[in-house]
Amino acid sequence: MQKRRKLTKGQKTDLLIRERWTCKECKQPIQRADLIEWDHTLALARGGTDELENIVPLHRQCHLLKTFHPRSRATTLASDLFEIAKTKRLIRKREKPKVEGGLKSRGFSKRFKRKFNGEVEER
Ligand SMILES: [Zn+2]
């Protein structure tokens, strides 16, 4: 993954002013006391840049929603982590051995043996 920009205090203030202290996700004002997360509008993983133009302040909660919830408002750009998790689940599912088949073949190899020519004979 691309290296992420470390925002300076001045850059953060600039971004907050640019966005009029408003969260892009919920459109609610951001208070000074709020936990702020700096979000790439277009995720780096999807080809977004690490430039200030591509970074917006979000409430921490809104950022979590955008990142994890597949049906959040920013659904087309978000849910990268959701997709990654889904892919991992699918891979796990595919690699998981079928219990029934596994047991059968173990029983099979105990009772029979396969000869080099492919024939099977009882032990
Ligand atoms: Zn918000």
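This is a predicted model: local features need pLDDT of at least 70, side-chain atom pairs count only at pLDDT 80 or more; totals for chains, interfaces and linings use all residues.
Two residues are in contact if their C-beta atoms, placed from the backbone, lie within 7 Å.

The protein chain has four helices and four strands. Read from the N terminus, the order is α-β-β-α-α-α-β-β. The chain has 123 residues, and buried ones make up 13% of them.

A word on confidence before the details. The mean pLDDT of the protein chain is 79, and 71% of the residues reach 70 or more. Helix α1, residues 9-18, has the highest confidence, with a mean of 96. Helix α4, residues 99-111, has the lowest, with a mean of 58. Please keep that in mind when you look at α4.

I will start with strand β2, residues 55-59. How many of the five residues of β2 are buried? Five of the five are, so the strand is largely enclosed by the rest of the structure. In a regular strand the side chains alternate between the two faces of the sheet. In β2, I55, P57 and H59 are on one side, V56 and L58 are on the other, and all of these are buried.

What does β2 pair with? Its partner is strand β1, residues 36-40, and the two run antiparallel, with five bridges between them. To find your place in the pair, look for D39, which stands opposite V56 of β2.

Next, the nonpolar core. The largest one has seven residues: C23, I30, I36, I55, V56, L58 and C62. Strand β2 supplies the largest share of this core, three residues.

C23 sits in the loop between α1 and β1. Is C23 buried or exposed? It has 22 other C-beta atoms within 10 Å, and the cut-off for buried is 20 or more, so C23 counts as buried. Leaving out neighbours within four places in sequence, C23 is in contact with Q28, I30, P57, L58, H59 and C62. Take P57 from that list: C23 and P57 are 34 residues apart in sequence, but their C-alpha atoms are 6.2 Å apart in space.

The other cysteine is C62. Setting aside residues up to four places away in sequence, C62 touches C23, E25 and C26. C62 is also one of the buried residues of helix α2, residues 60-68; the others are H63 and K66. These residues cover an arc of only 100° around the axis, which puts them on the same side of α2. What do the buried residues of α2 pack against? They pack against β1 and β2.

R20 has 8 other C-beta atoms within 10 Å, so R20 is exposed. W21 lies in the loop as well. W21 is not a glycine either, and has a positive phi of about 55°. With 15 C-beta neighbours inside 10 Å, W21 counts as partly exposed.

That is the end of my part.

Terms used:
Residues are numbered from 1 along each chain as its sequence is written. A residue is buried if 20 or more other C-beta atoms lie within 10 Å of its own, exposed if 12 or fewer, and partly exposed in between; C-beta atoms are placed from the backbone. Two strands pair if DSSP finds at least two bridges between them. pLDDT is the predictor's confidence in each residue, from 0 to 100. A nonpolar core is a set of buried Ala, Val, Leu, Ile, Met, Phe, Trp, Tyr and Cys residues joined through C-beta atoms within 7 Å. The arc is that of the directions from the helix axis to the C-beta atoms.
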